[in-house]
Amino acid sequence: MRRPALDIGTVGRVVGFVAVAATIVATAVHFHHDQIGTSDRVGSAAASVQSNQLARELARCQAIGMTAKDDAGCEAAWAENRRRFFTYRQPTEASPIVARPSTTPTADR
């Protein structure tokens, strides 16, 4: 006996493969777009250079392992990293805060 041309199992597998492929492509496009967006949003050159120097110093400290605890450069880099992490920055005009719509009921409804 012949199998039907549109077997449910075959159609399900094809739909599954297409969904997985679409998800992979969408993820790749999203991450590629994020990489392009971050390079466009680079702030001042001085802040970028200072951030890169800090990142290099932190990577060096990570590479030298336990000897980093006695290194003055590593201690300074860790202190700067903590300062940046725990410092509150005011929102700027470039990134306005979007107000959420009120969820409380109003009298005119």
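**Aromatic rings and salt bridges**

Biologist: In this predicted model, are Phe85 and Phe86 buried or exposed?

Modeller: The model is predicted, so local features need pLDDT of at least 70 and side-chain atom pairs count only at pLDDT 80 or more, while totals for chains, interfaces and linings use all residues. Residues are numbered from 1 along each chain as its sequence is written, and side-chain values use heavy atoms, leaving out hydrogens and water. With a 1.4 Å probe and protein chains only, buried means under 20% relative accessible area, exposed over 50%, and partly exposed in between. On that scale, both Phe85 and Phe86 are exposed.

Biologist: How are the rings of Phe85 and Phe86 arranged as an aromatic pair?

Modeller: Rings of Phe, Tyr and Trp (its six-membered ring) pair if their centres lie within 6.5 Å, and planes under 30 degrees apart count as stacked, over 60 as edge-to-face and the rest as tilted. The search of the whole structure finds one aromatic pair. With 4.9 Å centre to centre and 85° between the planes, Phe85 and Phe86 are edge-to-face.

Biologist: Which residue forms a salt bridge with Arg84?

Modeller: A salt bridge is a side-chain nitrogen of Lys or Arg within 4 Å of a carboxyl oxygen of Asp or Glu. The closest N and O atoms are 3.0 Å apart, and the partner is Glu80.
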